[in-house]
Amino acid sequence: MAGILDEFRLDGKVCWVTGASYGLGLAYAKAFHEAGAKKIVFNDINQDLVDRGLAAYKEAGIDAYGVVCDVTNEDQVNALVKDVEEKFGGVDILVNNAGIIKRIPMVEMTKAQWDQVISVDLTGPFVCSKAVLPGMIKKGYGKIINACSMMSELGRETVSAYAAAKGGLKMLTRNICSEYGQYNIQCNAIGPGYIATPQTAPLREKQPDGSMHPFDRFIRSKTPAQRWGTTKDLQGLAVFLASPASDFINGQVVYIDGGILAYIGQDPSQLDESKFKDVTGVEDVKVNDD
Ligand code: NAP
Ligand code: GCO
């Protein structure tokens, strides 16, 4: 007899995770595989990254399908979706994970830099979702999971374009839910707090004198758990939102932040550094920060 844990399984499902050669995307894909997914499809922007991803999946015992595809390029995205339909029967679960950040004060940010962030982080999910929705409507089944952020709720210095994109992505999540929920399609978002990945590596780098990066200390003072998150912290929610267990959850952003959004924070100078746990699970492949 099927029990409650079977509701969390992804048997027979084709999962496409964008920008998943490393970082959070790779962690989501590994979790989907473990939950029984039939095929993991991922893309990245060049062959080097796809090859790196393929090696990582192979090492994890996953026969993934990796494709060079820029999420901002509608022709490439449509070609990927068509190819996946022909080879594996169409995308059942899409994770709009690909994202970039530019940490530049707003008055110094060029319009081209702004456009690039909005294009990858907001337009990319629109383009990819638009491409998979007709197949999902036909099947009467589909899950779309967007990569929101603390910056879907909060602002901070230097991340204006990223915050605007992630705030917009929260509303795109609600709109996909509103428009396509009638076809048994659920669109939700994961809102990670500060997670140790290459994207956040510059914020954790030790100072030349060996001391902690001030932002590292700041984040721990803002996080009741007093640590950075790891990719493992996010895997359970990803599987839940991809699985039948969440079939009546739609249009939500679920934050996994160690309590940041609930807490006003404490004076960073009062933190006892000797009690900090080191972060684990950092995939040290490439630092993406320009
Ligand atoms: P990451 O380590 O930088 O990985 C992002 C991936 O997306 C990279 O493989 C990147 O390739 C790829 N990518 C960038 N532009 C692309 C494009 N146009 N088309 C296809 N792929 C593209 O980031 P992460 O930390 O794993 O984060 C994953 C997602 O979660 C992002 O949307 C991020 O904003 C979000 N998020 C992260 C955190 C965190 O603390 N780490 C917190 C909240 C939300 P390149 O290496 O070539 O750029
Ligand atoms: C930053 C960070 C963030 C995080 C994440 C928070 O510079 O503040 O990179 O934006 O990556 O999105 O949830």
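This is a predicted model: local features need pLDDT of at least 70, side-chain atom pairs count only at pLDDT 80 or more; totals for chains, interfaces and linings use all residues.
Colleague: How are helix α1 and helix α7 oriented to each other, oblique or roughly parallel?

Modeller: Two packed helices are described by the angle between their axes and the distance between the axes. For α1, which covers residues 23–34, and α7, which covers residues 231–242, the axes lie 9 Å apart and the angle is about 55°. Angles under 35 degrees would count as roughly parallel and those from 65 to 115 as roughly perpendicular, and α1 and α7 are therefore oblique.

Colleague: Which kinds of residue make up the contact of α1 with α7, and how many are nonpolar?

Modeller: On the α1 side the contact includes Leu 24, Ala 27, Tyr 28 and Phe 32, and these residues belong to a group that meets residues of α7, among them Leu 234, Ala 238 and Val 239. Of the residues in this contact, 1 is charged and 3 are polar, while the number of nonpolar ones is 9.

Colleague: Against which elements do the buried residues of α7 pack?

Modeller: The buried residues of α7 are Thr 231, Leu 234, Leu 237, Ala 238, Val 239, Leu 241 and Ala 242. These buried residues pack against one helix and several strands, namely α1, β4, β5, β6 and β7.

Colleague: How are α4 and α5 oriented, roughly parallel or oblique?

Modeller: Helix α4 spans residues 111–139 and helix α5 spans residues 160–180, and their axes come within 8 Å and cross at roughly 15°. Since angles under 35 degrees count as roughly parallel, this crossing makes α4 and α5 roughly parallel.

Colleague: How many nonpolar residues does the contact of α4 with α5 hold?

Modeller: In α4 the contact is made by residues including Trp 114, Val 117, Leu 122 and Phe 126, and in α5 by residues including Tyr 162, Leu 169, Leu 172 and Ile 176. The residues of this contact divide into 2 charged, 3 polar and, as the remaining class, nonpolar residues numbering 16.

Colleague: Where does Thr 158 lie, and is this residue buried or partly exposed?

Modeller: Most residues other than glycine have a negative phi, whereas Thr 158, which is not a glycine, has a positive phi of about 80°. Thr 158 lies in the loop between β5 and α5, and at 25% relative accessibility Thr 158 counts as partly exposed.

Colleague: Which loop holds Gln 226?

Modeller: Gln 226 also has a positive phi, near 55°, and at 26% relative accessibility Gln 226 counts as partly exposed. The loop that holds Gln 226 is the one between α6 and α7.

Notes:
Residues are numbered from 1 along each chain as its sequence is written. Chains are lettered from A and ligands numbered from 1 in the order in which they are written. Side-chain values use heavy atoms; hydrogens and water are left out. Axes are lines fitted to C-alpha atoms, for helices over the stretch in contact, and angles run from 0 to 180 degrees between N-to-C directions. Helices (H or I, at least four residues) and strands (E, at least two) are DSSP runs, numbered from the N terminus. Angles under 35 degrees count as roughly parallel, over 145 as roughly antiparallel, 65 to 115 as roughly perpendicular and the rest as oblique. Contact means heavy atoms within 4.5 Å. Ala, Val, Leu, Ile, Met, Phe, Trp, Tyr, Cys and Pro count as nonpolar, Asp, Glu, Lys and Arg as charged, and the others, Gly among them, as polar. Buried means under 20% relative accessible area, exposed over 50%, partly exposed in between (1.4 Å probe, protein chains only).
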